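My entries follow the order in which I looked.

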Amino acid sequence: MEQAQIARLFGLFAGDDTLGETYGAVLETAVLEVEQALRPDADAADARLNWLAAAVGFLRYTQITLSLIHISE
């Protein structure tokens, strides 16, 4: 998987191209989560995995953001 591509896709999902840099740790965790879910015979270089990792990262980002909003209310 390509970290730079994942960060760009994450920015696309989030609507802000700079968030990929800010939430790099979240994206690294998402990549790890995707890698752990792969079958042993899966192609780790498959470009679709970049999309999956970015989507998982965006899910985690959304969960974090919403929990922070909830706490502040």
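**Ground rules.** I note that this is a predicted model, in which local features need pLDDT of at least 70 and side-chain atom pairs count only at pLDDT 80 or more, while totals for chains, interfaces and linings use all residues. Residues are numbered from 1 along each chain as its sequence is written, and side-chain values use heavy atoms, with hydrogens and water left out.

**Core.** I looked up the largest nonpolar core, which has 14 residues, and found that I6, F10, L27, V34, A53 and A54 touch the most other members. Such a core is a set of buried Ala, Val, Leu, Ile, Met, Phe, Trp, Tyr and Cys residues joined through side-chain atoms within 4.5 Å, where buried means under 20% relative accessible area, exposed over 50% and partly exposed in between, with a 1.4 Å probe and protein chains only. The elements giving two or more residues to this core are helix 1 (3-14), helix 3 (24-37) and helix 4 (48-72), and helix 4 provides the largest share, five residues. I take helices as DSSP runs (H or I, at least four residues), numbered from the N terminus.

A54, in helix 4, counts as buried because its relative accessibility is 0%. With the exclusion of residues up to four places away in sequence, A54 touches I6, L9, F10 and F13. I also noted that A54 and L12 are 42 residues apart in sequence and 9.2 Å apart in space, C-alpha to C-alpha.

**N50.** I checked N50, also placed in helix 4, and found it buried, with a relative accessible area of 6%. Leaving aside neighbours within four places in sequence, N50 is in contact with M1, E2, Q5, I6 and L9.

**Helix 1 with helix 3.** I recorded that helix 1 and helix 3 pack at an angle of about 115°, with their axes 11 Å apart; axes are lines fitted to C-alpha atoms over the stretch in contact, and angles run from 0 to 180 degrees between N-to-C directions. The two helices are therefore roughly perpendicular to each other, a class that covers 65 to 115 degrees, with under 35 roughly parallel, over 145 roughly antiparallel and the rest oblique. Q3, I6, A7 and F10 of helix 1 and L27, E28 and V31 of helix 3 make the contact.

Definitions and conventions
Contact means heavy atoms within 4.5 Å.
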